[in-house]
Amino acid sequence: MTSLPPQSLIAAVERAVGQLPSQWEKLLGGRSNALWRGRTGGADLVAKLYLPSGATPLFPNDPAAEHQILQDLGPLGLAPEALAHIHGEFGTALIYRYVDGQAGDVTLTDLAKVLRRVHQLQPESPPGLMPSGSEALLRQASEILSRCQDDPHGVAARIEALRHAAPIDGVETPALIHRDPVWTNVVRSSSGVVLIDWQCPAMSDPCEDIAIVLSPFMQVTYLGRRLVMQEVQEFLKSYSCAETVARYRTLAPFFAARMAAYAQWCAEAGRGAAKSAVQDELRFSEVSEISEL
């Protein structure tokens with residue numbers, strides 16, 4: 001992908017927002033889609049071009065859902081301000097206000113608090129429902145693993161072992177979840193902490209977001225290291241909902257088994273999974289480690 005957006009996209013941006021940025025800068029943060037910052041001399045914008053290869057077995061890539069969430073949450077300061085959702089020969093793109101801040105420049109307390117705030121919202125136009133509970137997690141894990149060519153670390157055996165555990169029901173009242181609240185998707189702006197890259201939101205179990213933050217694979221991939229136990233405890237304490245944290249503790253082995261399957265898929269697909277990622281998730285799935293959280 002070049003440093004400039006496709007010419008057809010540049011023309012569409014001008015038609016949609018009524019101005020043409022004087023300079024374009026390729027943003028390097030996006031792993032699933034192509035993003036450019038358009039400098040306007042005032043409030044800069046972002047052009048996000050959705051790529052056909054952006055979706056994965058765990059993270060969808062839905063521009064319409066992201067546009068709706070930005071419309072709902074942008075005025076609350078929890079997401080960027082949506083400007084336009086456009087289509088053309090370039091494909092599909094979303095135009096929104098650039099959040100002036102450093103991605104990942106947040107504390108675990110900041111992240112826990114902004115997620116708790118999001119999970120308490122009931123948007124007027126909610127995204128689709130995502131199944132929750134232990135049986136749903138094991139189904140997802142098996143489906144992801146079925147896309148893999150190999151299982152050298154025994155993910156299937158771990159999934160099967162968890163089928164003998166007492167089932168945990170899905171949530172009665174689904175919450176709005178981001179689904180991918182990794183460090184590169186959290187920005188500290190002058191007005192507060194903002195979540196970006198809302199391309200896979202859902203109504204589901206808030207434990208989904210907690211599980212992504214505490215996943216060893218996600219930590220190493222986006223933070224560059226594993227969180228230590230004190231940091232994990234800080235995050236869970238700062239989330240300030242004992243009921244949800246307790247539910248996460250019971251579901252953590254199931255989330256980790258699903259992430260182990262996903263890490264195996266990523267390794268085979270060449271999507272940046274370290275050699276130890278599957279093993280890290282399998283170890284995390286052991287009840288003995290989860291109980292220490």
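**Figure 1. A network of salt bridges links Glu-25, Arg-37, Arg-39 and Asp-44.** A salt bridge is a side-chain nitrogen of Lys or Arg within 4 Å of a carboxyl oxygen of Asp or Glu. The model is predicted: local features need pLDDT of at least 70, side-chain atom pairs count only at pLDDT 80 or more, and totals for chains, interfaces and linings use all residues. Residues are numbered from 1 along each chain as its sequence is written, and side-chain values use heavy atoms, with hydrogens and water left out. Asp-44 counts as buried at 9% relative accessibility, whereas Arg-39, at 27%, counts as partly exposed; buried means under 20% relative accessible area, exposed over 50%, and partly exposed in between (1.4 Å probe, protein chains only).

**Figure 2. Lys-48 and Asp-197 form a salt bridge.** Their closest N and O atoms are 3.2 Å apart. The pair links distant parts of the chain, 149 residues apart: Lys-48 lies in strand E3 (residues 45-49), and Asp-197 in the loop between strand E9 (192-195) and strand E10 (202-204). Helices (H or I, at least four residues) and strands (E, at least two) are DSSP runs, numbered from the N terminus. Lys-48 is buried, with a relative accessible area of 1%, and Asp-197 is also buried, at 11%.

**Figure 3. Arg-97 forms a salt bridge with Glu-81.** The closest N and O atoms are 3.9 Å apart. Arg-97 belongs to strand E5 (residues 91-97), while Glu-81 sits in the loop between helix H2 (63-73) and strand E4 (82-88). Both are partly exposed: Arg-97 has a relative accessible area of 22% and Glu-81 one of 45%. In total, the structure holds 13 salt bridges.

**Figure 4. Helix H4 (residues 134-146) and its cover.** The 13 residues of H4 reach 18 Å from first C-alpha to last, close to the 18 Å expected, where the expected span is 1.5 Å times one less than the number of residues. Buried residues of H4 include Leu-137, Leu-138, Ile-144 and Leu-145. Their cover includes helix H5 (155-162), helix H6 (207-214) and helix H9 (242-269). H6 is itself mostly covered, with eight of its eight residues buried.

**Figure 5. The largest nonpolar core comprises 75 residues.** A nonpolar core is a set of buried Ala, Val, Leu, Ile, Met, Phe, Trp, Tyr and Cys residues joined through side-chain atoms within 4.5 Å. Leu-214, Phe-217, Phe-235, Tyr-248 and Tyr-262 touch the most other members. H9 gives the most to this core, with 15 residues. Apart from it lies another core, of 15 residues, including Leu-45 and Phe-90.

Key. Contact means heavy atoms within 4.5 Å.
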